[in-house]
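The following exercises concern a single protein chain. Each task is followed by a solution in steps.

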Amino acid sequence: MHNSVVIVGAGLSGLRAASLLHVQGIPCRVLEARDRIGGRILSSSVLNRPELGKFDLGPTWFWPQYESTITHLVHELNLETFVQYSQGAMLLERSDNESPERYMLPANANVSSIRFAGGVQSLIEAVADTIPPGTIELKTRVTAISLDQNGGITVEADGARERISASAVILALPPRIAARYLEFSPPLPSDLMTDLVNKPTWMAGQAKAVVIYDRPFWRELGLSGFVSSRVGPLQEIHDASPDTGSGALFGFFGIPASMRHELGQDEIEQLVIGQMVRLFGPSADQVSAFLYKDWSQDTETAVEQDFIPLIDVPIYGQPSATGVWEKKIAFAGTETNTQFGGHLEGALQSAERVVSEIQTWLGGHVR
């Protein structure tokens with residue numbers, strides 16, 4: 001094998017696939033359109049105030065009780081984690097004319113959610129550290145993938161300014177993004193394209209707000225920080241405080257993407273802080289910083305179809321390339337995993353699956 005495996009996308013799936021290929025001695029290149037690694041994993045600090053900590057604007061948790069792949073990897077990489085804070089009462093906000101109701105959840109009502117010290121970005125950085133330097137190429141946008149008459153694969157990047165011969169291609173990016181922005185020659189089978197388009201991108205229609213305080217004052221009031229609201233703008237709120245130091249609350253929005261776009265970030269910030277004051281009292285107005293990420297406006301994540309709020313958890317699973325594309329391209333990413341689609345676990349399991357496939361195609365064996 002003279003050509004590398006080309007991995008399109010440097011999110012968790014793409015990076016883990018590269019790491020596993022490296023262990024097996026299979027050369028690869030990771031091409032990423034963004035100027036950073038991580039994909040939908042994004043842990044941000046406050047500008048000029050790094051002491052406040054890092055806060056997840058993408059995925060936040062994993063659950064060791066039933067997610068073994070990520071649990072083993074966390075142990076292997078020796079990453080520091082802590083349990084999501086859940087002590088105290090939750091609040092239920094039924095209407096804007098009534099005070100929020102306070103409830104104590106039964107002991108062991110929820111499976112413990114685990115967070116990463118330093119945010120989920122620490123997982124991304126640790127996986128990237130297992131990959132040889134120079135493997136990952138940022139600001140490199142793949143635009144086309146073609147097969148010649150002999151089955152040779154060519155990957156075009158940055159508008160055909162770079163042409164890369166590949167032994168196989170792993171598409172480790174949201175299926176809808178692959179269907180929308182990549183040109184395939186010859187075209188992919190119509191049933192495969194339909195499958196890709198019909199897989200909603202997890203989190204793509206959502207936005208996440210993090211309100212940061214000097215300390216988690218709600219804990220002093222006997223509150224866990226968990227809120228369920230029928231009023232909004234946030235419909236679900238959780239304690240997002242780092243394991244030490246500052247306090248923070250984050251929430252998922254109940255208002256659709258189109259309305260968020262119309263309101264704009266400044267108006268949304270005022271609405272969110274107003275809701276925090278309504279729920280947690282006047283101390284919630286003493287905000288140290290506000291972080292906001294609307295994934296529906298991230299062109300590397302969302303297409304217009306993703307603006308429609310998801311009502312149910314999508315049915316995910318592995319797309320299969322057939323015909324001339326069989327054993328040429330493979331799909332990785334959380335949307336390609338049947339059991340844990342939408343979770344970090346699903347992203348990792350998909351990487352393991354696709355590397356096993358690639359080894360079989362190239363005549364290797366999984367170790």
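A residue counts as buried when its relative accessible area is under 20%, and as exposed when that area is over 50%. The model is predicted.

**Exercise 1.** Determine which residues of helix α2 are buried, and what covers them.

*Solution.* Step 1: helix α2 spans residues 68–76. Step 2: applying the cut-off of under 20%, the buried residues of α2 are Thr69, Ile70, Thr71, Leu73 and Val74. Step 3: the cover over these residues includes α1 (12–23), β5 (81–83), β8 (114–116), α3 (121–128) and α9 (344–361). Step 4: just after α2, Asn78 adopts a positive phi of about 60°.

**Exercise 2.** Describe how strands β3 and β4 are joined.

*Solution.* Step 1: β3 (residues 43–46) and β4 (residues 49–56) run antiparallel and are joined by four bridges. Step 2: Val46 stands opposite Arg49 in β4. Step 3: the two strands form a hairpin with two residues between them. Step 4: in that turn, Asn48 has a positive phi of about 70°.

**Exercise 3.** Is Met259 buried, partly exposed or exposed?

*Solution.* Step 1: Met259 lies in helix α7 (residues 257–263). Step 2: its relative accessible area is 39%, so Met259 is partly exposed. Step 3: Met259, Leu263 and Leu271 make a nonpolar surface patch of about 220 Å².

Notes. Residues numbered from 1 in each chain as written. Predicted model: local features only at pLDDT ≥ 70, side-chain atom pairs only at ≥ 80, totals over all residues. Heavy atoms only, no water. Pairing = 2+ DSSP bridges. Buried < 20%, exposed > 50% of the residue type's maximum accessible area, 1.4 Å probe, protein only. Contact = heavy atoms within 4.5 Å. Patch = residues over 30% accessible without salt bridge, like charges linked within 9 Å, V, L, I, M, F, W, Y side chains within 5 Å. Areas by Shrake-Rupley, 256 points an atom, 1.4 Å probe, with all protein chains shown as cover. Salt bridge = Lys/Arg side-chain N within 4 Å of Asp/Glu carboxyl O.
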